[in-house]
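The entries follow in the order I made them.

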Amino acid sequence: MTTSDPNLALVRFQGDALAAARGWTDLTSEERRRRAIVAAQQLDPELLWSLTEAHTSLYGSAGAGLSARTARAYREGIGKLLQHADRTGFSLIRPERDAGALYIRSLEVTGLAPSSIRVQLAAARALFRALRWAGATALDPFSDARPVQDKTAPWDKRQPYTDHEVQALLKMAAPRDRALILLCAHGGLRIEEALQLTWNDLDLPGGVLTVQHGKGDKTRRVTLTRTLIAALQVLPRAEAVIGGTQTAARQRLQVIAKRAETRYRGWHAFRHYAGTRLVRQTGSLEYAARHLGHSSIETTRIYAKWSDQALDEALAGW
């Protein structure tokens, strides 16, 4: 999966999706088609991602503001598809009619989670939209491909931390990780949002912070709790409030959970905790949606399921 054509220059401008898109649109239609075809034939991951990013930036719902998280997921998904194509002879130019469905089924038999398979499918569809845009193919083997329906209800997956678990983890955390836990558990931030936070994003006297690049590259303001403010005030004033990588943060949380003798549920379970606690205390999905930055209140309804303890309480006395 390497590029052997010396004339096949990589159309990409690091860190600037719009510039990358211009790199493709400035080509003649025939040259764009030629480059896309050669990249597809050679299964060139860099050039195919560049093409996909360009098309997604031009025609995707997020435009040039595609989030880093989504871009990373698409790029990894395209890489996985290219590895499959290299092993099986899957043609990106003239794919067999059932090739997309067979690929999805091959992922399912490996035991990959339904949510992960949906991400792989989204990446494959994005790639073929880009290839069709470039004129490299007129086919899309993924247009009718559907993953098996996930039979596990959303509220039965990725359960939030309990109040007891959060307190146990906070007790065992060093100041930096205590602040990080509270940014997620009280502020409702996603882990990538919390790690990217800078001191310029914080207004401690005003009790608010600003997430500059949330999901979909959206900006939102988040109210700080007194406990969170106190945890932030003791941190040194480096450029980043927390900083570091998600991998390192996960590893530290696993160590903290082991010390606290608490189940490790990952960082996102703190965001679920924030939404669940808000719904439980206020009875308002709207408040939770506003605090977490949900664009649709339907996304927030899962917290009503997690916060509803009435059924358990009713059965407890049987």
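Entry 1. I looked up Trp 133 and found a relative accessible area of 19%. Buried means under 20%, so Trp 133 counts as buried. I note that the model is predicted.

Entry 2. I searched the whole structure for aromatic pairs and got seven. One of the pairs joins Tyr 59 and Trp 133: the ring centres are 6.4 Å apart and the planes stand at 70°. Planes over 60 degrees apart count as edge-to-face, so I filed this pair under that heading. I then checked where the two residues lie. Tyr 59 is in helix 3 (residues 45–59) and Trp 133 is in helix 6 (residues 114–134). The two are 74 residues apart, and the pair links distant parts of the chain.

Entry 3. Is Tyr 59 buried or exposed? I read a relative accessible area of 56% for Tyr 59, which makes this residue exposed.

Entry 4. I went on to Phe 90 and Phe 142, which form a stacked aromatic pair. I noted 6.2 Å from centre to centre and 15° between the planes. Phe 90 lies in the loop between helix 4 (68–88) and helix 5 (99–108). Phe 142 lies in the loop between helix 6 and helix 7 (163–172). The pair therefore ties together parts of the chain that are 52 residues apart in sequence.

Entry 5. Which residues do ring pairs link into a cluster with Phe 90? I listed Tyr 103, Phe 128 and Phe 142 beside Phe 90.

Entry 6. I looked for charges over rings. The charged end of Arg 32 sits over the ring of Trp 133, at 4.6 Å from the ring centre. I also found the charged end of Arg 237 over the ring of Trp 199, 4.0 Å from the centre.

Entry 7. Arg 32 and Trp 133 came up again when I looked at helix packing. Helix 2 (residues 29–42) packs with helix 6 at an angle of about 140°, and the axes are 8 Å apart. That angle makes helix 2 oblique to helix 6. On the helix 2 side I wrote down Arg 32, Arg 33, Ala 36 and Ala 40 as the contact residues. On the helix 6 side I wrote down Leu 131, Trp 133 and Ala 134. Sorted by class, this contact has five nonpolar residues, two charged residues and no polar ones.

Notes
Residues numbered from 1 in each chain as written. Predicted model: local features only at pLDDT ≥ 70, side-chain atom pairs only at ≥ 80, totals over all residues. Heavy atoms only, no water. Phe/Tyr/Trp six-rings, centres within 6.5 Å; stacked < 30°, edge-to-face > 60°. Helix = DSSP H or I, 4+ residues; strand = E, 2+ residues; numbered from the N terminus. Buried < 20%, exposed > 50% of the residue type's maximum accessible area, 1.4 Å probe, protein only. Lys NZ or Arg CZ within 6 Å of the ring centre and 35° of its normal. Axes fitted to C-alpha atoms, helices over the stretch in contact; angles between N-to-C directions. Parallel < 35°, antiparallel > 145°, perpendicular 65-115°, else oblique. Contact = heavy atoms within 4.5 Å. Nonpolar A, V, L, I, M, F, W, Y, C, P; charged D, E, K, R; others polar.
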